[in-house]
Amino acid sequence: MPNYPVDMSVTPDVKAFFDPDTNTISYVVKDPGSNACAVVDSVMDIDYAAGRITYGHADEMIAWITANGLKLEWIIETHVHADHLSAAPYIQEKLGGKIGIGDQIMVVQDTFGKVFNEGTEFQRDGSQFDALFKDGDSYQIGGMTAFAIYTPGHTPACMVHVMGNAAFVGDTLFMPDGGSARADFPGGDAGVLYDSIQKVLTLPDDIRLFMCHDYGPNGRDIQWEATVGDEKAHNIHVGGGKTRDDFIKFRTERDKQLGMPRLIIPSLQVNMRAGEVPTDKDGRPMLKVPVNGL
Ligand SMILES: [Fe+2]
């Protein structure tokens with residue numbers, strides 16, 4: 001495991017934006033020493049039944065960044081999401097910044113390029129993104145050093161991004177009472193997810209963890225922030241000393257009972273293109289539905 005450059009003395013301002021339609025939390029993360037910021041896991045709105053895409057959620061983030069005089073340097077995707085569409089290109093067009101994701105995106109593009117029967121014009125080399133991160137790669141947000149930890153299992157391209165004393169865990173972990181994300185998508189693996197979670201739990205106990213999703217289990221209010229200490233002690237799927245075998249058994253049985261996420265078909269087609277909507281042969285935005293293909 002690389003020697004990750006954790007710096008707990010840096011406390012970025014983290015502003016969360018909750019999307020009630022997909023239960024996604026997007027973040028704007030500001031370098032405490034400058035006006036530089038990053039966006040993590042943005043959302044583009046879709047009314048799938050109507051085939052209509054809108055930008056209310058992204059506009060709210062853009063307005064907040066603009067009102068606070070921030071300079072957007074990075075637009076990070078923790079992974080190719082299967083439950084919401086990314087607004088990365090829309091935000092980039094308005095505010096600039098580089099779009100980054102894990103370099104295993106190529107595996108995801110290869111898998112879903114086949115599922116959606118994409119032609120050769122769909123590049124499977126990650127070239128739709130501005131930056132592809134490997135485990136331990138670091139980058140700057142103003143004066144703050146951020147880095148990526150490779151955390152496959154939910155998908156083969158998942159990464160956790162650490163910025164000062166804040167870590168954006170994507171779907172690697174949920175709140176302690178939410179447990180963990182499913183591991184049954186193509187390229188997912190429950191044992192690998194367990195190992196990735198253990199890697200995250202080697203970060204300092206008081207590091208702030210920010211989730212990508214929360215569903216308010218048992219009727220509680222939506223929450224998105226915990227610490228490594230909280231997760232180790234209380235996470236219902238991996239905390240309190242649960243073993244790898246316990247986790248694999250539980251996760252495999254649970255995943256068999258889960259239906260497909262409502263927006264998986266549009267989400268994958270858009271997100272594997274870094275948030276660009278695919279077009280038909282005449283250049284019109286168009287999505288496909290592979291029948292019995294997933
Ligand atoms: Fe996900």
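Gly-102 stands opposite Phe-133 in S8. Three bridges join strand S7 (residues 98–102) to S8, and the two run parallel. Strands, like helices, are DSSP runs numbered from the N terminus (E, at least two residues, for strands; H or I, at least four, for helices). The model is predicted: local features need pLDDT of at least 70 and side-chain atom pairs count only at pLDDT 80 or more, whereas totals for chains, interfaces and linings use all residues. Residues are numbered from 1 along each chain as its sequence is written.

The open sheet is formed by six strands in the order S1-S2-S3-S6-S7-S8, with mixed pairing; two strands pair if DSSP finds at least two bridges between them. Strand S1 (13–19) and strand S8 (131–133) stand at the edges, and each has a single partner strand, so one side of each is left without a neighbour in the sheet. From one strand to the next, the twist averages 25 degrees. H2 packs on the sheet and touches strand S3 (36–40), strand S6 (71–76) and S7. The direction of H2 makes about 165 degrees with that of S6 (axes are lines fitted to C-alpha atoms, for helices over the stretch in contact; angles run from 0 to 180 degrees between N-to-C directions).

Leu-95 lies in helix H2 (residues 88–95). With 18 other C-beta atoms within 10 Å, Leu-95 is partly exposed (buried, 20 or more; exposed, 12 or fewer; partly exposed, in between; C-beta atoms placed from the backbone). Neighbours within four places in sequence aside, Leu-95 is in contact with Ile-62, Ile-65 and Leu-72, contact being C-beta atoms, placed from the backbone, within 7 Å.

Notes
Two residues are in contact if their C-beta atoms, placed from the backbone, lie within 7 Å.
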